[in-house]
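Colleague: I would like to learn how to read a model like this one, feature by feature. Could you take me through it slowly, giving the general idea before each case?

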Amino acid sequence: MNGTVALVTGGSRGIGAATAVRLAREGADVAFTYVRDKEAADDVAGRIRALGRRALALRADSADPEEAAAAVDRAAEGLGGHGGRSGLDVLVNNAGVGLLGPLDSLTLADIDRVLAVNVRGVFLASQAAAARMGRGGRIITIGTCMTQRVPGPGGTLYATGKSALIGLTKALARELGERGITANIVHPGPIDTDMNPADGPYAAGQAAMTAVGRFGEAAEVASMVAYLAGAEAAYITGAEFSVDGGHAA
Ligand code: NDP
């Protein structure tokens, strides 16, 4: 991926941070967004630079429609400028809200928040990225194993939003295929992050739902994303990939 420019949304921690660093290890210059944790963002930027790549930490809230789209332009303008007019080669739609809870507890504000970050922000970033991508462009979206199998109650809102991303991915593949741009979606199983710590109150039950009996590491998702982002994956588009320890098996 030498000389390519990638943007990872929500890249200061967890799966996004692992992905940002992994893409840098593959040779990409990497921009990423975050909202709250500047210290964590600076740390990830430092790890990218230590690999000899350029890094750009962008404070941009995916819940804000203008910021979600503008982050793409800021990444392309900050790190792009080669490879024709593209400016952006890879978009990883990772930022997400993991709001779980019983159906009758979900408020209108919850619904708006989850759909704003997990669906609208992804749509707008993908739209802005597609406008800047040339041949070889890659849009990779992080879904969830809960779009394949909802293992119990409490996931109604989260599964609703994430499932919309499957339709988005397939439609983007059709829309952008002739331009040589691919769109794929990766469904992590339970992954040890701040959002879902492997020592959290519901962790043992989640690990038991997988075939391998354990949580995954963020790097195990990042390696799939890196493969899909690379040149070898040019014939893979509109597809879903589970990195879930067999959660859906
Ligand atoms: P974390 O909560 O550990 O990290 C979230 C990252 O996203 C942080 O960098 C955070 O930045 C950033 N972020 C949060 N909200 C926004 C926002 N509104 N706009 C921009 N950036 C934001 O999450 P995970 O790494 O666990 O999850 C990443 C993705 O993977 C999500 O889409 C999640 O739904 C999905 N997923 C996770 C699973 C898991 O078990 N962990 C399983 C299946 C899917 P800041 O530091 O500033 O808060």
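Modeller: Let us begin with burial, where a residue counts as buried under 20% relative accessible area, as exposed over 50%, and as partly exposed in between, with a 1.4 Å probe and protein chains only. By that scale G78 is partly exposed, because its relative accessible area is 42%. Please keep in mind that this is a predicted model, in which local features need pLDDT of at least 70 and side-chain atom pairs count only at pLDDT 80 or more, whereas totals for chains, interfaces and linings use all residues. Residues are numbered from 1 along each chain as its sequence is written, and side-chain values use heavy atoms, with hydrogens and water left out.

Colleague: Which helix holds G78, and which residues does G78 touch beyond those up to four places away in sequence?

Modeller: Helices (H or I, at least four residues) and strands (E, at least two) are DSSP runs numbered from the N terminus, and G78 belongs to helix α3, residues 65-79. A contact means heavy atoms within 4.5 Å; leaving aside residues up to four places away in sequence, G78 touches R54 and L56. Between G78 and A55, which are 23 residues apart in sequence, the C-alpha to C-alpha distance is 9.3 Å.

Colleague: How many helices and strands does the protein have, and in what order do the elements run?

Modeller: There are seven helices and seven strands, and from the N terminus on they follow the order β-α-β-α-β-α-β-α-β-α-β-α-α-β. The radius of gyration is taken over C-alpha atoms, and the globule rule is 2.2 Å times the number of residues to the power 0.38. Here the radius is 17 Å, close to the 18 Å that the rule gives for 249 residues, so the protein is as compact as a globular protein of that length. The C-alpha trace spans about 50 × 35 × 35 Å along its principal axes, and 51% of the 249 residues count as buried.

Colleague: What share of the contacts between residues at least 6 apart in sequence joins residues at least 24 apart?

Modeller: That share is 74%. A219, in helix α7 (residues 218-229), and I15 are 204 residues apart in sequence, yet their C-alpha atoms are 7.1 Å apart. K38, in helix α2 (residues 38-50), and S12 are 26 residues apart in sequence and 7.9 Å apart in space, C-alpha to C-alpha. A219 counts as partly exposed because its relative accessible area is 48%, and K38 is partly exposed at 47%.

Colleague: How many residues does helix α5 have, and how far does α5 reach?

Modeller: The expected span of a helix is 1.5 Å times one less than its number of residues. Helix α5 (residues 156-176) has 21 residues and reaches 30 Å from its first C-alpha to its last, close to the 30 Å expected. Its buried residues include L157, Y158, L165 and L172, and the cover over the buried residues of α5 includes α4 (108-132), β5 (138-142), β6 (182-188) and β7 (240-243).

Colleague: Is L168 in that helix buried or exposed, and which residues does L168 touch?

Modeller: L168 lies in α5 and counts as buried because its relative accessible area is 13%. Apart from residues up to four places away in sequence, L168 touches V122, F123 and S126. The C-alpha atoms of L168 and R135, 33 residues apart along the chain, are separated by 20 Å.
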